[in-house]
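Me: Hi! Could you walk me through this one, a bit at a time?

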Amino acid sequence: LILLLKYSIDELLKTDKAKDVLYDIPLYFADQPFPKPLNKQTGITTNKKTSAFAKSDKEACEWAFLSAIKALQERAEREGMNAVVNIKSNYKHNVFASRTEFECGAGKIIAGVALKADLAKLP
């Protein structure tokens, strides 16, 4: 049985674990405004899973989300982009766009977060 759960993006991004793991590449969720990009790559997806063993659903989901965000930031850096924009949850290809929450599928053994985003070169 997989539960589809929602957790706060801001609350997680303010934590030390997020600051330790993530790159200094700006993130824009859902329809958050951002400067007009000089260049953009659209439709980038990532799907990260983590063991839920001996973790709360929230803890497992937060790790999966941070892994997914970090993967997008790494890809942006590799592609010469400096921001990740239009970030949306995309669990089992069901898009959930929110500036404040992400979706996570949590089960007894594994938790997963799928994201869809665009990479942008902002001025």
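Me: Leaving aside its neighbours within four places in sequence, which residues is Ile87 in contact with?
Reply: Ile87 is in contact with Leu27, Tyr28, Phe29, Ala30, Ile69, Leu115, Lys116 and Ala117, where contact means heavy atoms within 4.5 Å. This is a predicted model, so local features need pLDDT of at least 70, side-chain atom pairs count only at pLDDT 80 or more, and totals for chains, interfaces and linings use all residues. Residues are numbered from 1 along each chain as its sequence is written, and side-chain values use heavy atoms, with hydrogens and water left out.

Me: Which residues touch the most other members in the largest nonpolar core?
Reply: Ile87 is one of them, along with Phe65, Ile69, Val84, Phe102, Val113 and Leu115, in a core of 31 residues. Such a core is a set of buried Ala, Val, Leu, Ile, Met, Phe, Trp, Tyr and Cys residues joined through side-chain atoms within 4.5 Å; buried means under 20% relative accessible area, exposed over 50%, and partly exposed in between, with a 1.4 Å probe and protein chains only.

Me: And which elements each supply at least two residues of this core?
Reply: β1 (3-8), α1 (9-13), β2 (27-29), α3 (57-78), β4 (83-91), β6 (101-106) and β7 (110-121) do. α3 gives the most, with nine residues. These are DSSP runs numbered from the N terminus: helices are H or I with at least four residues, strands E with at least two. Apart from this core lies another, of five residues, including Tyr28, Val85, Ala120 and Leu122.

Me: New topic: how many disulfides does a search of the whole structure find?
Reply: The search finds one, taking a disulfide as a pair of cysteine sulfur atoms within 2.5 Å. Cys61 and Cys104 form it, with their sulfur atoms 2.0 Å apart. Cys61 sits in helix α3 and Cys104 in strand β6, 43 residues apart, so the pair links distant parts of the chain.

Me: Why is the disulfide left-handed?
Reply: Because the torsion about the S-S bond of Cys61 and Cys104 is about -80 degrees. Both Cys61 and Cys104 are buried.

Me: Which residues line the largest cavity?
Reply: Among them are Ile9, Phe29, Phe65, Ile87, Lys88, Ser89, Glu101 and Leu115. β4 gives the most to the lining, with three residues. By class there are eight nonpolar, two polar and two charged residues; Ala, Val, Leu, Ile, Met, Phe, Trp, Tyr, Cys and Pro count as nonpolar, Asp, Glu, Lys and Arg as charged, and the others, Gly among them, as polar.

Me: Is Asn86 buried or exposed?
Reply: Asn86 is buried, with a relative accessible area of 17%. It lies in strand β4. Asn86 and Tyr28 are 58 residues apart in sequence and 5.9 Å apart in space, C-alpha to C-alpha.

Me: Last one: what is the phi of Ala54?
Reply: Near 60 degrees, a positive value in a residue other than glycine. Ala54 is in the loop between β3 (39-51) and α3, and is exposed at 71% relative accessible area. His93 also has a positive phi, of about 65 degrees, and lies in the loop between β4 and β5 (94-96).

Notes. On a 1 Å grid over the protein atoms alone, a cavity is a set of points where a 1.4 Å probe fits but cannot get out, and a pocket is an open set with protein on both sides within 12 Å along at least five of seven lines; lining residues have an atom within 4 Å of a point.
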